[in-house]
Structure formats: C-alpha cells, structure tokens
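This report is written for someone meeting the structure for the first time.

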Amino acid sequence: MNQHRTPLFTALKKHAAGNPVQFHIPGHKKGLGTDAEFREFIGDNALSIDLINIAPLDDLHQPTGVIQEAQKLAAKAFGADYTYFSVQGTSNAIMTMILSVCSPGDKIIVPRNIHKSVMSAIIFSGAKPVFVSPVQDENLGIDHGITTSSLERALRRHPDAKGVLVINPTYFGICADLRSIVDLAHRYGVPVLVDEAHGVLIHFHEDLPVSAMQAGADIAATSVHKLGGSMTQSSVLNLNAKTGLINPQRVQTIMSMLTTTSTSYILLASLDTSRRNLALNGHEMAERTIRLSNYARETINTIEGLYSFGKEILGTEATFDHDPTKLNIHVRHLGITGYETENWLREKYNIEVELSDMYNILCLITPGDTQESVDKLLAALRVLSAIHYSKGEIYELKVQVPEIPQLALIPRDAFYADTQLVPFRESAGYIIAEFIYVYPPGIPILLPGEVITQDNIDYIIDHVEIGLPVKGPEDRSITNIKVIVEADPIS
C-alpha cells in the first residue's frame, strides 16, 4: 500500500477543482452563502471541500470508495486490521468500543480514572462497571494506571466480564505493562479495549511505549488530533481482528449509529493527510519531539522549586514505561498551586497549558513545537521560580483521593430513574443520578448509581473552593445535586 497516496483528500481537491453547481447541503455552497468576515478568515479552499457524502466522495457510514481506501491505508500505518475514522473525537471511538462488546447487564472492567465518555457508553449500553483502582503517586499527587496484579484479581472475581478497558498511556504519559495485561485478559477470553487518546506517536518510534496494536490489544481509540497533526475532533479506532474477540462489522454498525450523517469532509481529509505524514515522517517527527521534550525536562529540573519526572520513576507495575512528550511540571515547592501557575503563565506570558491541578501543570510537546516555543516556556518558568522560590509556605502534599463509592445501581438505571434535587452539602447517603468530574482530564469523582459519602462531598467542595474546574451537574454552582427519589414503602 502506497502511503504517499491520500485518496480522500485527492478526490476532494479534484471535485472542488471541477467547480460543480451544487444543489445540496451545506447551504453556504463553497462559501458564497456564508458570513463575509468568516469566509475571508477561513479561506475559500477550506470552504470548497466542506462537502457531504455525494457519490464521488464516498460515505463514512458505508464506505466503498475513497474513504474505504483511506481507512485501509490508515490501518496499515497503525498496524491494525481495520481502522475506522471518527469525526466526533476519541469520545465517539471510545463509546463505540464499549458498545461493541457490552449489552445490558454485562460487566466491563475499567479503571476508576476513566474519561467521562467511558461512563457515557456504560450508561448507553446498560453495562455494569467493575472498577479497578489506579495506583496513586504519593510524590506527585497524580494517578497512574492499573496493574496486572489488580486486573488479575478482578478477572478471578469476574471471569464473565465482556471487556477490560486500559488507559495507555495515561494523560501524564505513564504506561503499565500492556503486553502482560493483554496476555492475561486473553487467557480469560476477554477482549482488551485501549483508551489510546494520548498515544498516537507511540506507533511510530521505538523509544516510545508500546502501542495497543503492537501489544496485541483488540481495539484502541486513538486521538490523531491531539498529537498527530489532524484537526480537532478527528480520531481513529483501530481494530485487531486476529483474536476473533470483536466483530469488525458490529464495530462499523455501532460507529455509524453514533456518528452524524453530516460527516465533516474537512476533518476526514485532515485524517487522510495526517496519516500520510505520520506514515512517511512519523519517526522523524517523534524523534524531534522526544529530543525537545527531554531538553525541556532536563532544563526544568535545573530550575529551583520545579520538578519534571522522567524515567527515574519507572520500575513498578504501574510505571512500566513513560512517554516523554508529556511534560508534567510539579510546582508545589514554589508554594503555589498548579491552577495559579496556569493562570500566571496565561496572563504574563500568553502561554496556555494542557491542564493544571493542585500540584502540577501538564504541557504537551508535539511535532508542532519548536525550539523557540519550548524556550519561551522555560524562560517563563525561570521567572516564576525567581518570584516564588523560598518566598512562601510550601504546600503539604496530600494525595486527596476519596474512597470509591458503593455502586448501588447500574449507572443507566440511576441516570433514568425518578430524581429529586437536594442540597449538595447535605447529600451524604443519597444515590447520585448525574456525574461530577474534574475537566480536564474528565475523570469522574461521582457517577450515576453511586452512594454519596461525606468524603466525596468534602473532596468536591475543596476543588470548587480552590477554583478547579468541577463540572457535570445540571446545577453548575453545585449547590444542589440530582439524586434518586427514595420512594415510601407501600403499606
């Protein structure tokens, strides 16, 4: 297969060059009907390929032409048997994975630090989650992944599980021993589903952690847009059909059910061209990115009060490997929070970071970075250190992880149950009917069907009071919370 080819993008350019008279959507018709300022900013080239699934351009829902060719080229590039394009982000791909293996009442083993899209899929499917606790890093105040031994305990107790979901790498770039996890799950005949949202580059360089397809996992949702150069909201779902544990046709059906019929050809074209770039230049791109990341990390670790972890934290079950392109910067020893650091970088240096929490900020180094962009970050961090180091009280590191609540109802049953509003501070003992999560990274603190504890309440209030982005409830102030109505007994 010729990875220089871009069948979909080439077809789009050819179609636009023919300048057809359009009597179909979108109504702006090559930009003529759109707002003039927007048209000037976006450009006519982009608007000319903002098209729909007409015959020459194939149909994402049932591809037989140029989209099918583009997906086959992507499968080859990612080492998969099948690749499915997503124009609704990795969230859509994650939901497709779960709905492809779970039916109502089925069990699925998942880490507690899952993305909210996993819980959305569990609600849609009616599945019952079996939670495995991730390992907390008491030095950094972050979560790593699950361990092979904790997964083995879960599989012994729940050998009837329909799937095991693994995050590889984590948001912070840490990987467990994925090959061992896959081998273990397959011994039980259970497919492995991988949230590979932050791992597109690992397919293309030997110094990066093993990818899901390389490890023999069954299916993986991979964000090309996060690190691989495609446009926001474009991702792929890679399937390894050799194990026979997941039906490729069912995956296509579920993906189609979840996908808009007005698929964005601009997003699809960006996937097609980014695949070409990664297939031809991915090793060089990753090499340059790793070099910049290591330079940044080494420099940060010479700045007083700052620490960016690397391979020195490896060697445990939970920290088997590390993706160095995730630059986690621990700021606690400056006596400020990660949230304050994020705001300071934005206000003083026009620098935006990926996320912040109580003790850290996370910066992603990608093929789009340059020596100049990294040096600007380092210069700002030097000033930050000079302002704060040894000037104030250092935060005591408390890994505030509330107990995992009891799951009293399957999440779907709780989500659709009769509900009432109660004051959040007085909600201990009730069964919650909505999500509460911190975003980014979108990890749930409370899920529909769980019994709220005072520990959960205190944890969430601490996050709200410090200004961290707690989201999910319909009441955005989190004054009131939606809980299951406790029906009176029938006499």
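## A serine at the end of a strand

In this predicted model, the side chain of Ser 86 reaches the backbone nitrogen of Gln 88 at 3.2 Å, and the side chain of Ser 86 also reaches the backbone oxygen of Gly 89, at 2.8 Å. Ser 86 is found in strand 1, which covers residues 82-86. With a relative accessible area of 1%, Ser 86 is buried, because a residue counts as buried when that value is under 20%.

When neighbours within four places in sequence are left aside, Ser 86 is in contact with Asn 92, Ala 93, Gln 233, Ser 234, Ser 235, Met 255 and Leu 271. As for Arg 156, it stands 70 residues from Ser 86 in sequence, and the two C-alpha atoms are 35 Å apart in space.

## Division into domains

The protein is divided into domain 1, with residues 7-278, domain 2, with residues 282-388, and domain 3, with residues 411-484. Between the C-alpha centres of domain 2 and domain 3 there is a distance of 31 Å.

## A buried strand and its two partners

Strand 8 consists of residues 192-196, and five of its five residues are buried, so the strand is largely enclosed by the rest of the structure. In a regular strand the side chains alternate between the two faces of the sheet. Here Val 192, Val 194 and Glu 196 point one way from strand 8, while Leu 193 and Asp 195 point the other way, and all of these residues are buried.

Which strands pair with strand 8? One is strand 6, residues 164-167, which runs parallel to strand 8 and is joined to it by four bridges; in this pairing Val 164 stands opposite Val 192. Another is strand 9, residues 219-222, which is likewise parallel to strand 8 and joined to it by four bridges, with Val 194 standing opposite Ala 220.

Two packed helices are described by the angle between their axes and the distance between the axes. For helix 1 (residues 7-17) and helix 4 (residues 66-78), the angle is about 145 degrees and the axes are 7 Å apart. Pro 7, Leu 8 and Ala 11 in helix 1 meet Val 66, Ile 67, Glu 69, Ala 70 and Leu 73 in helix 4. By class, this contact has seven nonpolar residues, no polar residues and one charged residue.

Gln 3 lies in the segment before helix 1, and at 12% relative accessibility this residue counts as buried. The side chain of Gln 3 reaches the backbone oxygen of Leu 73 at 3.1 Å. Apart from neighbours within four places in sequence, Gln 3 is in contact with Leu 73, Lys 76, Ala 77, Arg 275, Arg 276, Ala 279 and Leu 280.

An open sheet of three strands has the order 12-14-13 and antiparallel pairing. Its edge strands are strand 12 (326-330) and strand 13 (355-356), each of which pairs on one side only. Strand 12 is joined to strand 14, residues 360-364, by five bridges in the antiparallel sense, and in this pairing Asn 328 stands opposite Leu 362.

A polar contact of 2.8 Å joins the side chain of Thr 325 to that of Asp 323. Not counting residues up to four places away in sequence, Thr 325 touches Thr 289, Ile 290, Ser 293, Cys 363, Leu 364 and Ile 365.

Strand 16, residues 436-438, pairs with strand 18 over two bridges in the antiparallel sense, and Val 438 stands opposite Val 470 in strand 18.

Note on methods: Residues numbered from 1 in each chain as written. Predicted model: local features only at pLDDT ≥ 70, side-chain atom pairs only at ≥ 80, totals over all residues. Heavy atoms only, no water. Buried < 20%, exposed > 50% of the residue type's maximum accessible area, 1.4 Å probe, protein only. Pairing = 2+ DSSP bridges. Domains from an automatic or database assignment. Axes fitted to C-alpha atoms, helices over the stretch in contact; angles between N-to-C directions. Contact = heavy atoms within 4.5 Å. Nonpolar A, V, L, I, M, F, W, Y, C, P; charged D, E, K, R; others polar. Polar contact = N/O pair within 3.5 Å; in protein donor to acceptor, adjacent residues only side chain to side chain.
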